[in-house]
Amino acid sequence: MRKHLQVLLGRERSRVYAIEGGSYVLGRGGDADLILASDIVSRRHASVVVGANDVRVTDLDSSNGTFINGARVLGEGVAVQGDILLVGDVALRVHGPTVPALSPVRPDSEPGTSFNLAGNLLEVPPSTLLRYLAVIKKTGELLLTSPPLQSRIAFTRGHIGEVFVDTRKTRDPVQALTAILRWKGAFEVAPPGATTSSLLLGLDSVLPPVGSASRPSMIPKPPRG
């Protein structure tokens, strides 16, 4: 069955790549099967093998990693319809034969800054957004709403500095972020605020690696409820 990869984040948002059967190399180089428009995607970044019911993903020793739903792929990872691959800073959702249209997203105000990027969490979920900002080594803030809740997450060069939920700073950012991963609402990326923090939290503690080479302790536990 033919599958498709639809670009959710990247210079070519809404572009769709058709894939069916066999193996494909994703990268920015001219010899890649699927050429991605990005300066931080490696020339031969990742490979995907298309099966009847899934897509098997392998990182090809890239500089900036390959991720499934925000979790780093170690060895071979498995993605199914609806999952999101992050190849460098290009996010692609796996679809079956049909591909829905994307809603408008406010574009970057300046190329490469991602300031004023805004959109829908149903299309680009929190796990992908958090990892995307980490990959591009963002310094700024991610503003999320999931009515009636609001959150502000501060980044310093891709590391999480502070997490606020309804204006209150959380004492346990990992627990707060784990809950935020389930939010469905809207997002906006904004310039840095006035506050600073000594906390620099890496995302692998919230989104543990997946794949054939990951240790059992790295496998994320299913959300409660």
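Tutor: Quick ground rule before we start: a salt bridge here is a side-chain nitrogen of Lys or Arg within 4 Å of a carboxyl oxygen of Asp or Glu. Also keep in mind that this is a predicted model.

Student: Fine. How many salt bridges does a search of the whole structure find?
Tutor: The search turns up 11 salt bridges.

Student: Which residue does Arg13 pair with?
Tutor: Its partner is Glu123, with the closest N and O atoms 2.9 Å apart. Arg13 sits in the loop between strands E1 (3-9) and E2 (16-19), and Glu123 in the loop between strand E12 (118-120) and helix H1 (126-135), so the bridge ties together parts that are 110 residues apart in sequence.

Student: And is Glu123 buried or exposed?
Tutor: Glu123 is buried, at 15% relative accessible area. Arg13 is partly exposed, at 22%.

Student: Switching topic: what does Glu141 meet in a salt bridge?
Tutor: Arg152, at 2.8 Å from N to O. Glu141 belongs to strand E13 (residues 140-146) and Arg152 to strand E14 (residues 149-156), so this pair ties together parts 11 residues apart in sequence.

Student: How accessible are those two side by side?
Tutor: Glu141 is buried, with a relative accessible area of 9%, while Arg152 is partly exposed, with 23%.

Student: What about Glu162, which Lys does that one meet?
Tutor: Lys169, in a salt bridge of 3.4 Å, N to O. Glu162 is buried, at 5% relative accessible area.

Key
Residues numbered from 1 in each chain as written. Predicted model: local features only at pLDDT ≥ 70, side-chain atom pairs only at ≥ 80, totals over all residues. Heavy atoms only, no water. Helix = DSSP H or I, 4+ residues; strand = E, 2+ residues; numbered from the N terminus. Buried < 20%, exposed > 50% of the residue type's maximum accessible area, 1.4 Å probe, protein only.
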